[in-house]
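Here is a friendly walk through one protein model, feature by feature. Keep the viewer open as you read.

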Amino acid sequence: MNAVTLQDLTKHFPAFTLDSISFSVPAGSVMGMIGENGAGKSTTIKLILGLLSPDAGTVTIFGSSGAPDREHIGVVFDECCFPDTLSAQDIDRILGMSYRTWSHKAFADYLARFSLPYRKAIKSYSRGMKMKLSIACALSHDSRLLVLDEPTSGLDPVVRDEILDIFYDFMQDENHAILISSHITSDLEKICDYVCFLHQGSLALCGEKDDLLTRFGVLHCDEKTLAALEPAAIYGVRRGQYQIQALVELDKVPQDLALEPVKLEDILLFLAKKEA
């Protein structure tokens, strides 16, 4: 069963269009969503959460295409959404009245795990503490799906690793799923099973992470070698003063060419600068 399925999802704005996005997040998996600023990642997340209405296409969450069941969706944005004057104690009380499935014990356990004070105002928290508070809230109401928009942005590597460990623990239940948007591709390489690349409102590439990393390579060449390749093999070109770099599909280029292995960041950079 898929936790999330997007089918031809479309949203028009005056200066931007999210154009017929289709992909699925299987239950028991983590899907990473990558793209440059303005590619459409946040718009896609808002459509999934029902914060925006699509102009066309459908969003299905755990088999339902109606309004999303917020009881089982945990959401974390890149900034803490709670007023700075509130404390964790205030949030515990408010969310306890907002969610039928809210667990005061689970929330208290997460606060203890993250060493977060219960009665201090959020304005006294560091950025990392605020992010941990948001995650504690997302995990304390029987969430089956986590939707994360830049959850590790601006955090130091130690805190980022700690947060990724939390997501690993969450995924021990095969009925759970995560959709995570991030610019930190090294984090996505650690945790994701699938990756989709958005570019200028369109889905440029989507598939299993390991397959994508073995499907492509970076070719260093001259214009003559590049021109000899079939266009369908080339996914992006970067021209320097002395050399050309191209992202190519391995099984569509001659086997005698010397190719470098790729990382998710390489794929992102080449797709973002793909030539017509």
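Over how many bridges do strand S1 (residues 2-13) and S2 pair? They pair over eight bridges, in the antiparallel sense.

## Before we start

This is a predicted model, in which local features need pLDDT of at least 70 and side-chain atom pairs count only at pLDDT 80 or more, while totals for chains, interfaces and linings use all residues. Residues are numbered from 1 along each chain as its sequence is written, and side-chain values use heavy atoms, leaving out hydrogens and water.

## The sheet and its helix

S1 and S2 belong to an open sheet of three strands in the order S2-S1-S4, with antiparallel pairing (strands are DSSP runs of E of at least two residues, helices runs of H or I of at least four, numbered from the N terminus; two strands pair if DSSP finds at least two bridges between them). Strand S2 (16-26) and strand S4 (56-61) are the edge strands, each pairing on one side only. From one strand to the next, the twist averages 15°.

## A helix pair

Helix H4 (residues 127-138) and helix H5 (residues 157-170) pack at about 5°, with axes 11 Å apart. H4 is therefore roughly parallel to H5, a label for angles under 35 degrees. H4 brings Gly128, Met131, Lys132 and Ile135 to the contact, and H5 brings Val159, Glu162, Ile163, Ile166 and Phe167.

## Pocket and cavity

The largest pocket has a volume of about 420 Å³ (on a 1 Å grid over the protein atoms alone, a pocket is an open set of points with protein on both sides within 12 Å along at least five of seven lines, a cavity is a set where a 1.4 Å probe fits but cannot get out, and lining residues have an atom within 4 Å of a point; points are joined across faces, edges and corners, and volume is the space filled by probe spheres set on them). Of its 18 lining residues, Ile73, Gly74, Val75, Phe77 and Tyr99 are the closest to the centre. S5 gives the most to this lining, with four residues.

The largest cavity has a volume of about 30 Å³. Its lining includes Glu36, Phe197 and His199.

Key. Axes fitted to C-alpha atoms, helices over the stretch in contact; angles between N-to-C directions. Parallel < 35°, antiparallel > 145°, perpendicular 65-115°, else oblique. Contact = heavy atoms within 4.5 Å.
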